[in-house]
Amino acid sequence: MCCSKVTKDQAVEIIKRYEQVLAIINKYGKAKEQLLSILLDVQATSGENYVAEEWAEVVACQLDLPISKVHDVLTFYAMFSIEPRGRYVIEICKSTPCHVTKADAVVAMFEAELGIKLGETTPDNEFTLLHTSCVGACDIGPVAKIGEEVYGNLTAAKVAEIVASYREAKACQK
Ligand code: FES
């Protein structure tokens, strides 16, 4: 008797994703020294901005690496996540120079603008709100970083503008 809870559609999706991950690994010639690039691509194509355990295992197996090595990389580098995240990760600096320039208020502004709490992701999977440590822009605190972009001297108006610009970017891609 079959007791699998995976539907046919889900099975098709899993196979498609498996082939996609294999294609990424093959693109880099299954080279162990390309582990970071492979994981970045696996994360970028995940749809939820993270590397799930099953795909970390596939990468480890295909590169003939211990899974612990892949886990070490995924947990050491801040650019990786092993939990689903929004497409845009908003990181608000909580180090002391930013803290004294009201970083807490900036967290509250983003929370109000996005309708989520720190550590959460918006229901449309677009934004995740997190803390980070110093990003090297202490002179323009309070600071938030989204991808490679750093935004400083944040006010409620600027926060609203930033969020709107990312929402507009999404609308333009449709
Ligand atoms: S303390 Fe926030 S950028 Fe340096």
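## Basis and overall layout

The model is predicted: local features need pLDDT of at least 70, side-chain atom pairs count only at pLDDT 80 or more, and totals for chains, interfaces and linings use all residues. Residue numbers start from 1 along each chain, as its sequence is written.

The protein has seven helices and four strands. Both kinds of element are DSSP runs, numbered from the N terminus: helices are H or I with at least four residues, strands are E with at least two. Read from the N terminus, the order is α-α-α-α-β-α-α-β-β-β-α. Along the principal axes, the C-alpha atoms fill a box of roughly 60 × 35 × 30 Å.

Of the 174 residues, 21% count as buried. A residue is buried if 20 or more other C-beta atoms lie within 10 Å of its own, exposed if 12 or fewer, and partly exposed in between, with C-beta atoms placed from the backbone. Two residues are in contact if their C-beta atoms, placed from the backbone, lie within 7 Å. Among contacts between residues at least 6 apart in sequence, 57% join residues at least 24 apart.

## Helix 1 and its partners

Helix 1 (residues 8-27) packs with helix 2 (residues 35-44). Their axes come within 9 Å and cross at roughly 150 degrees. Axes are lines fitted to C-alpha atoms, for helices over the stretch in contact, and angles run from 0 to 180 degrees between N-to-C directions. The two helices are therefore roughly antiparallel. The cut-offs are under 35 degrees for roughly parallel, over 145 for roughly antiparallel, 65 to 115 for roughly perpendicular, and oblique for the rest. Helix 1 passes helix 2 in a right-handed crossing. A crossing is right-handed if the near helix is turned clockwise from the far one by less than a right angle, and left-handed if anticlockwise.

At this contact, V21, I24 and I25 of helix 1 meet I38, D41 and V42 of helix 2. By class, the contact has five nonpolar, no polar and one charged residues. Nonpolar covers Ala, Val, Leu, Ile, Met, Phe, Trp, Tyr, Cys and Pro; charged covers Asp, Glu, Lys and Arg; the others, Gly among them, are polar.

Helix 1 also packs with helix 3 (residues 53-63), at an angle of about 40 degrees and with the axes 11 Å apart. That makes helix 1 oblique to helix 3. This crossing is right-handed. Here Y18, V21 and I25 of helix 1 meet W55, V58, V59 and Q62 of helix 3. The contact has six nonpolar, one polar and no charged residues.

Helix 4 (residues 67-76) holds V73. V73 is partly exposed, with 18 other C-beta atoms within 10 Å. Not counting residues up to four places away in sequence, V73 touches L35, L36 and L39. V73 and L36 are 37 residues apart in sequence, yet 7.6 Å apart in space, C-alpha to C-alpha.

## Nonpolar cores

A nonpolar core is a set of buried Ala, Val, Leu, Ile, Met, Phe, Trp, Tyr and Cys residues joined through C-beta atoms within 7 Å. The largest has 18 residues. Those with the most contacts inside it are I90, I92, A103, V106, F110, A144 and V159. Strand 1 (88-93), helix 6 (103-114), strand 2 (127-132) and helix 7 (156-173) are the elements that give two or more residues to this core. Helix 6 provides the largest share, five residues.

F110 touches I90, I92, L129 and V159, not counting residues up to four places away in sequence. Apart from this core lies another, of twelve residues, among them V21, I24, L39 and A56.

## Backbone exceptions

Most residues other than glycine have a negative phi, and most peptide bonds are trans.

K102 is partly exposed, with 15 other C-beta atoms within 10 Å. N153 counts as exposed, with 12 C-beta neighbours inside 10 Å.

A cis peptide bond joins G141 and P142, with omega about 0 degrees. P142 sits in the loop between strand 2 and strand 3 (144-146).
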